[in-house]
Amino acid sequence: MTIRESLVHIIFSYLATIGFAVTLNIPRKALNVCGLIGVLGWMTYKVFYLWHSGMVLASLVAALVIGIFSFIAAKVKQMPMVLFNVPSLVPLVPGGQAYRAVYYFAFKDDEMALRYLVEAAMIAGALALGFFLAELLTQFYYKFSQSHKV
């Protein structure tokens with residue numbers, strides 16, 4: 001990926017995240033952070049994908065990064081974590097695979113439709129697992145830091 005392509009990815013992932021955050025009525029003071037977390041998640045996905053790890057593993061790691069940075073942003077901004085992780089997830093949603101699955105089902109190519117449907121389900125599962133792992137890690141960190149505070 002060239003620098004020019006990277007800049008395009010950064011700009012459009014930022015804009016996609018901000019646009020979705022605006023539609024969700026995310027408070028203004030959280031919009032920029034949402035955009036930055038969205039860029040971070042998307043660039044993590046692109047780097048892992050370009051290292052030939054596959055879409056599923058790249059989505060898992062990107063969701064993990066989004067979850068961890070959403071936790072940090074929530075602590076710093078003193079806002080709920082969901083305000084940061086839901087809009088930041090938008091660039092990773094497997095909408096293309098879901099579209100292709102429906103497209104091939106409509107044109108009676110069931111083999112290709114099932115291929116894209118399974119791919120979309122695996123990516124969605126990886127995103128959910130990444131968020132779960134991020135939540136697990138942050139809760140573990142929070143409890144560990146609370147128990148060693150005294």
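Before counting, I noted the rule for ring pairs: rings of Phe, Tyr and Trp (its six-membered ring) pair if their centres lie within 6.5 Å. I also jotted down that this is a predicted model.

**Entry 1: rings.** How many aromatic pairs does a search of the whole structure find? I got eight. One of them joins Tyr45 and Tyr49, with 5.8 Å from centre to centre and 10° between the planes. That pair is stacked, because planes under 30 degrees apart count as such. I checked where the two sit: both are in helix α2, four residues apart, or about one turn of the helix. I also found a cluster, in which ring pairs link Tyr99, Tyr103, Tyr104, Phe107 and Tyr116.

Entry 2: Is Tyr45 buried or exposed? Its relative accessibility is 11%, so I put Tyr45 down as buried; the cut-off for that is under 20%. Tyr49 comes out at 35%, so it goes down as partly exposed. Next I asked what Tyr45 touches, leaving aside neighbours within four places in sequence. My list reads Met55, Ala58, Ser59, Ala62 and Leu92.

**Entry 3: the core.** Tyr45 turned up again when I looked at the largest nonpolar core, which has 27 residues. Along with Ile26, Phe84, Leu92 and Leu127, Tyr45 touches the most other members. Which elements give two or more residues to this core? I wrote down α1, α2 (28–50), α3 (55–77), α4 (82–88) and α6 (110–147). Helix α2 gives the largest share, eight residues.

Entry 4: Ile3 has a relative accessible area of 68%, so I marked Ile3 as exposed. Ser6 has 18%, so I marked Ser6 as buried. Setting aside neighbours within four places in sequence, I found Ser6 in contact with Met1 and Met43.

**Entry 5: the surface.** What makes up the nonpolar surface patch of about 680 Å²? I listed Ile3, Leu7, Val8, Ile10, Ile11, Phe12 and Leu15. Ile3, the exposed residue from my last entry, is one of the patch residues.

Note on methods:
Residues numbered from 1 in each chain as written. Predicted model: local features only at pLDDT ≥ 70, side-chain atom pairs only at ≥ 80, totals over all residues. Heavy atoms only, no water. Patch = residues over 30% accessible without salt bridge, like charges linked within 9 Å, V, L, I, M, F, W, Y side chains within 5 Å. Areas by Shrake-Rupley, 256 points an atom, 1.4 Å probe, with all protein chains shown as cover. Salt bridge = Lys/Arg side-chain N within 4 Å of Asp/Glu carboxyl O. Buried < 20%, exposed > 50% of the residue type's maximum accessible area, 1.4 Å probe, protein only. Core = buried A, V, L, I, M, F, W, Y, C linked by side-chain atoms within 4.5 Å. Contact = heavy atoms within 4.5 Å. Phe/Tyr/Trp six-rings, centres within 6.5 Å; stacked < 30°, edge-to-face > 60°.
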